[in-house]
Amino acid sequence: MKFFTTILLFSVSVLSDSFVPDAVQVKGYFPTHKDFPQNIIAYQHQSKWQKPDRLQEQKRVSKKRNSFIKLKDKYRKQEYLDMINRVRSVSQNCGKYGVFHPTTPLEWSDSLYQSAKNHSIDMATHGRFSHEGSGSKTDRAGRYKGIKSTPSIRASFHRYRGGIVGENIAIGYGKENSSLESAIRSWLSSDSHCANMMSPQYRNLGMSLVEHKMPNNKNRYYWSQEFGTH
């Protein structure tokens with residue numbers, strides 16, 4: 001359980017609160033949809049780090065800070081897809097949402113990838129950890145509409161034409177918590193994140209990782225994981 005002291009998660013669940021050991025608290029909301037008959041599947045996921053002051057939005061972002069934002073996805077898209085499909089290829093116990101049996105593999109979506117990449121960059125640039133975009137220049141979909149973006153707005157802006165969009169996000173502190181395996185372990189350890197990854201309703205995936213380099217070498221790693229029913 002040591003892992004939970006250094007990785008933050010965020011998700012949306014069914015108007016319920018659940019406590020995950022080692023100071024990761026999860027709260028969420030579940031939109032309902034006729035295409036999602038059981039009581040899970042179409043939500044975005046979210047939680048709190050035990051030091052919330054580190055996540056406060058900085059209203060003014062300097063050009064110097066922007067120079068420390070680095071995209072980490074080069075040559076890794078297939079790795080992301082293969083990892084999620086391995087998770088989906090075996091049964092997973094998602095706690096209060098029950099056991100999910102092996103389900104169909106996902107296909108990569110460049111539109112959902114662009115949505116994930118934009119959101120990870122936006123969170124890293126502004127020090128945010130939220131499903132809601134900043135509404136600033138780095139929140140391209142939100143800026144275009146004059147609002148703070150949501151996962152579905154970002155997906156639509158990047159030309160994803162699916163039905164339901166789900167999102168998992170995570171943040172890791174320090175290089176030891178920057179790996180794909182670390183993020184996946186954290187999501188699987190959270191009931192709602194686990195159910196999101198195992199939902200048989202989803203058909204497409206896009207994922208992105210952005211590093212925010214910090215002067216104390218405690219870099220922050222922002223993950224966005226997008227699912228769609230296209």
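The stops below are given in the order in which to select them.

**Conventions.** This is a predicted model, in which local features need pLDDT of at least 70 and side-chain atom pairs count only at pLDDT 80 or more, while totals for chains, interfaces and linings use all residues. Residues are numbered from 1 along each chain as its sequence is written, and side-chain values use heavy atoms, with hydrogens and water left out.

**Whole protein.** Display the protein as a cartoon: it has seven helices and 11 strands, which are DSSP runs (helices H or I, at least four residues; strands E, at least two) numbered from the N terminus. Of its 230 residues, 52% are buried, that is, under 20% relative accessible area with a 1.4 Å probe, protein chains only.

**Nonpolar cores.** Next, select I184, W187, M207 and W223, which touch the most other members of the largest nonpolar core, a set of 25 residues. Such a core consists of buried Ala, Val, Leu, Ile, Met, Phe, Trp, Tyr and Cys residues joined through side-chain atoms within 4.5 Å. Helix α2 (77–88) is one of the elements that give two or more residues to this core; its share, five residues, is the largest. Then select I69, A124, I169 and I171, which are among the nine residues of another core, lying apart from the largest one.

**N219.** Finally, centre on N219, in the loop between β10 and β11. Is N219 buried or exposed? N219 is buried, because its relative accessible area is 11%. A polar atom of the N219 side chain lies 2.8 Å from the backbone nitrogen of M214. The C-alpha atom of K175, 44 residues away along the chain, is 6.7 Å from that of N219.

How values were computed. Buried means under 20% relative accessible area, exposed over 50%, partly exposed in between (1.4 Å probe, protein chains only). A polar contact is a pair of N or O atoms within 3.5 Å; within protein, one must be able to donate a hydrogen and the other to accept it, and residues adjacent in sequence count only if both atoms are side-chain atoms.
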